[in-house]
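User: I have a two-chain model open and would like to go through it with you. Can we start with how the first chain is laid out?

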Amino acid sequence: MTQSSGQTSTQGSNLDLPATQATPAVQADWNAGFLLMAGESYPENTYEIFDDIISWVEAYLTGTDRPLHMELRLNYLNTSSIRAMIDIFDRLQNAADAGRELSVNWLYDSRNPRSAELGEEFKEDYDFDFVISAVGD
Amino acid sequence: MSGSTPHGLDDNLEERVAELLADEQYADHPLREVLEQVMDRMGQQLSRLERITQISDRYQTGAQERVLHISRRYDRQIRKLEKAIRISDRYQAMLNDLNKALQEASTHDQLTGLPNRRLMADRCRREDHRSQRESSTYSLLAIDVDRFKTINDTYGHEAGDRVLVELGQAFRRGLRDYDSCARWGGEEFLALLIGADLSTAEHVAQRILETVRSLCVDLPSGVISPRVSIGVAEHHTGELYTDVYRRADAALLLAKESGRDRFLVAAPPTELEIQTAAQLRDDPPSA
């Protein structure tokens, strides 16, 4: 089942948004408890894409008590996208505080080690499992 | 002064009225009943006033809590935005650096680190403009590695690459600070000598030959002592760098043919050559 843009996530739905020039590819698998975001994010209207993602995360966190694993391969984020990512991480932290098992894997291109520092900046305020690792080309 | 009773009444007055009302000798006094009613009504009014005060206090406390709550939320949002801005600044710095690296990659030769043909052509065009404005001069050295194919065939391409890198460094050592040398093609280099007339250019060409002659490239498969040939040409009024280069390249060919490991100076352009070049520029042949 594919969630199209602009709708509110319903229980048990998946997300499968292909990458565009200004938005990352998004895959959310309800049954696997897995959310992947890969690419660059600088859309004119951040909410176009992040509304879907945030409502999926909320639906998953309220609709299940299973673990959630996030994999992020984000090469570039504009300021609004960064803010939206912080919103997502804040929700994860609230869930983690309530005892939810969560993990975030921040993957960066080994040719661009400064991207690791960006992961570190995001990670700073959270105490759930947040791993930063390099991937080769 | 009023006392500290809840109703804020004078204790004595209230007590005295109560005593008088209780006194049996005034039981039939016409004012007694009225006074009793006044006291009763006053008590009700005071307790109502007290309730209103309590409710008002509660509202005030609630408002204070709300303000506190809003200001906490506001602080949280501010911190979140500050974090977003901090990360965004980092992204921008990263992009800026990547941009510089891309620029470097598009203007420099990856192997030797020397300016590439594109950057050198820009610099030569700048000298063309300058020579028009200030009637200054410049010279070009077309430099080619002698028997480079043999080096590649004998020692392998990796060895050939090492030779190019070492030669690039040698050329830089042989040049003046404000001159530049580019990798122009495979084993061909082009040096731009700003403000140099022929005699200066010959001097620099000789120094480059000597620097190269003292060069030994140490390789696992043996030691290579590369040599180069150089064609030298000075810019003449009316010429563009492409014309100067053509003459330098012709001189380079002659240097190769006359035994290599030497430089030769190009003949100045003939009047006809200058006119033809100018004509071609003004009225290029249609494609």
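Analyst: From the N terminus on, the elements of chain A run β-β-β-β-α-β-α-β-α-β. That comes to 3 helices and 7 strands. Helices (H or I, at least four residues) and strands (E, at least two) are DSSP runs, numbered from the N terminus. This is a predicted model, in which local features need pLDDT of at least 70 and side-chain atom pairs count only at pLDDT 80 or more, while totals for chains, interfaces and linings use all residues. Residues are numbered from 1 along each chain as its sequence is written, and chains are lettered from A and ligands numbered from 1 in the order in which they are written.

User: How much of chain A counts as buried?

Analyst: Of its 137 residues, 30% are buried. A residue is buried if 20 or more other C-beta atoms lie within 10 Å of its own, exposed if 12 or fewer, and partly exposed in between, with C-beta atoms placed from the backbone.

User: Which strand of chain A does S6 run parallel to?

Analyst: Strand S6 (residues 102–109) of chain A is joined by 7 bridges to strand S7 (residues 129–135) of chain A, and the two run parallel. Two strands pair if DSSP finds at least two bridges between them. Within that pair, Asn105(A) has Val131(A) in S7(A) as its bridge partner.

User: What unit do S6(A), H3(A) and S7(A) make?

Analyst: They make a right-handed β-α-β unit. Right-handed is the term if, with the strands pointing away from the viewer, the path from the first strand over the helix to the second runs clockwise.

User: What does H3(A) meet in H2(B)?

Analyst: Arg114(A), Glu117(A), Leu118(A), Glu121(A) and Phe122(A) in H3(A) meet Arg86(B), Ile87(B), Arg90(B), Tyr91(B) and Met94(B) in H2(B). By class, that contact has 5 nonpolar, no polar and 5 charged residues. Ala, Val, Leu, Ile, Met, Phe, Trp, Tyr, Cys and Pro count as nonpolar, Asp, Glu, Lys and Arg as charged, and the others, Gly among them, as polar.

User: At what angle do the axes of H3(A) and H2(B) cross?

Analyst: The axis of H3(A) and that of helix H2 (residues 30–107) of chain B cross at roughly 175° and come within 10 Å. H3(A) is therefore roughly antiparallel to H2(B). Axes are lines fitted to C-alpha atoms, for helices over the stretch in contact, and angles run from 0 to 180 degrees between N-to-C directions. Angles over 145 degrees count as roughly antiparallel, under 35 as roughly parallel, 65 to 115 as roughly perpendicular and the rest as oblique.

User: And chain B, how many helices and strands?

Analyst: Chain B has 8 helices and 7 strands. In chain B, 5 strands form an open sheet with mixed pairing, in the order S2-S3-S1-S6-S7.

User: Why is one side of S2 and S7 of chain B left without a neighbour in the sheet?

Analyst: Strand S2 (180–183) and strand S7 (263–265) of chain B stand at the edges and each has a single partner strand, so one side of each lacks a neighbour in the sheet.

Note on methods:
Two residues are in contact if their C-beta atoms, placed from the backbone, lie within 7 Å.
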